[in-house]
Amino acid sequence: MLASPLNLHFCIMSIHIGEKIKQRAKQLRIGPTELGKRINTSKQNIHGIYKRKSLDSGLLKELSKALEFNFFQYYSSQILSVANDTEA
């Protein structure tokens, strides 16, 4: 049995993707100005992204490429975890 949409929504909302992006940029020593250049936006927008709990999938794809990291994995692992919990 698959997780209900309500359970998936709650689970996905527990991820603060902006924080994950900020951590990865810091790990790579990429500042907001450089990251902005990589995805063609301003450093102010990057600071805004760091504060967001969710992002458009197209933007997340660009950030994944720019930071050489699959940020979608946070969502897929959470979805699989919820699905496995509801099957038990």
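Buried is used here for residues under 20% relative accessible area, exposed for those over 50%, and partly exposed for those in between (1.4 Å probe, protein chains only). Helices (H or I, at least four residues) and strands (E, at least two) are DSSP runs, numbered from the N terminus. The model is a predicted one, in which local features need pLDDT of at least 70 and side-chain atom pairs count only at pLDDT 80 or more, whereas totals for chains, interfaces and linings use all residues. Residues are numbered from 1 along each chain as its sequence is written, and side-chain values use heavy atoms, with hydrogens and water left out.

**Overall architecture**

- The secondary structure of the protein amounts to 6 helices and 0 strands, and the pattern read along the sequence is α-α-α-α-α-α.
- Of the 88 residues in the protein, 30% are buried.
- With contact taken as heavy atoms within 4.5 Å, residues 24 or more positions apart account for 66% of the contacts that have a separation of 6 or more.

- In helix α4, which covers residues 43-51, the buried residues are Ile46, Ile49 and Tyr50. They lie on the same side of α4 because they cover an arc of only 100° around the axis, the arc being that of the directions from the helix axis to the C-beta atoms.
- The exposed residues Gln44 and Lys51 are carried on the face of α4 turned away from its buried side.
- The buried residues of α4 pack against α2 (17-27), α3 (32-39) and α5.

- Leu35, Gly36 and Ile39 are the buried residues of α3. Their arc around the axis is only 105°, which puts them on the same side of α3.
- The cover over the buried residues of α3 includes α2, α4 and α5.
- Just after α3, Asn40 takes a positive phi of about 60°.
- A salt bridge is defined as a side-chain nitrogen of Lys or Arg within 4 Å of a carboxyl oxygen of Asp or Glu, and by this rule the count is 1 salt bridge.
- The side chains of Glu34 and Arg38 meet in a salt bridge, at 3.0 Å from N to O. Glu34 and Arg38 are 4 residues apart in helix α3, so they are separated by about one helical turn.
- Glu34 is partly exposed, with a relative accessible area of 35%, and Arg38 is likewise partly exposed, with a relative accessible area of 43%.

**The largest nonpolar core**

- A nonpolar core is a set of buried Ala, Val, Leu, Ile, Met, Phe, Trp, Tyr and Cys residues joined through side-chain atoms within 4.5 Å. The largest such core holds 18 residues, of which Ile17, Ile21, Leu35, Ile49, Leu55 and Leu63 touch the most other members.
- Two or more residues of this core come from each of α2, α3, α4 and α5, and α5 gives the most, with 4 residues.
- Beyond its neighbours within four places in sequence, Leu63 is in contact with Ile21, Leu35, Ile39, Ile49, Leu55 and Phe71.

**Ser64 and Phe72**

- Ser64 lies in helix α5, residues 57-66, and is buried, with a relative accessible area of 11%.
- Not counting residues up to four places away in sequence, Ser64 touches Phe69, Asn70, Phe71 and Phe72.
- Phe72 lies in helix α6, residues 72-87, and is partly exposed, with a relative accessible area of 32%.
- With the same exclusion of residues up to four places away in sequence, Phe72 touches Ser57, Leu60, Lys61 and Ser64.
- The C-alpha atoms of Phe72 and Ile17 are separated by 9.4 Å, although the two residues are 55 residues apart along the chain.

**His16 in the loop between α1 and α2**

- His16 lies in the loop between α1 (5-13) and α2, and counts as partly exposed at 24% relative accessibility.
- Leaving aside neighbours within four places in sequence, His16 is in contact with Tyr50, Lys51, Arg52 and Lys53.
- The C-alpha atoms of His16 and Ser54, 38 residues apart along the chain, are separated by 6.8 Å.
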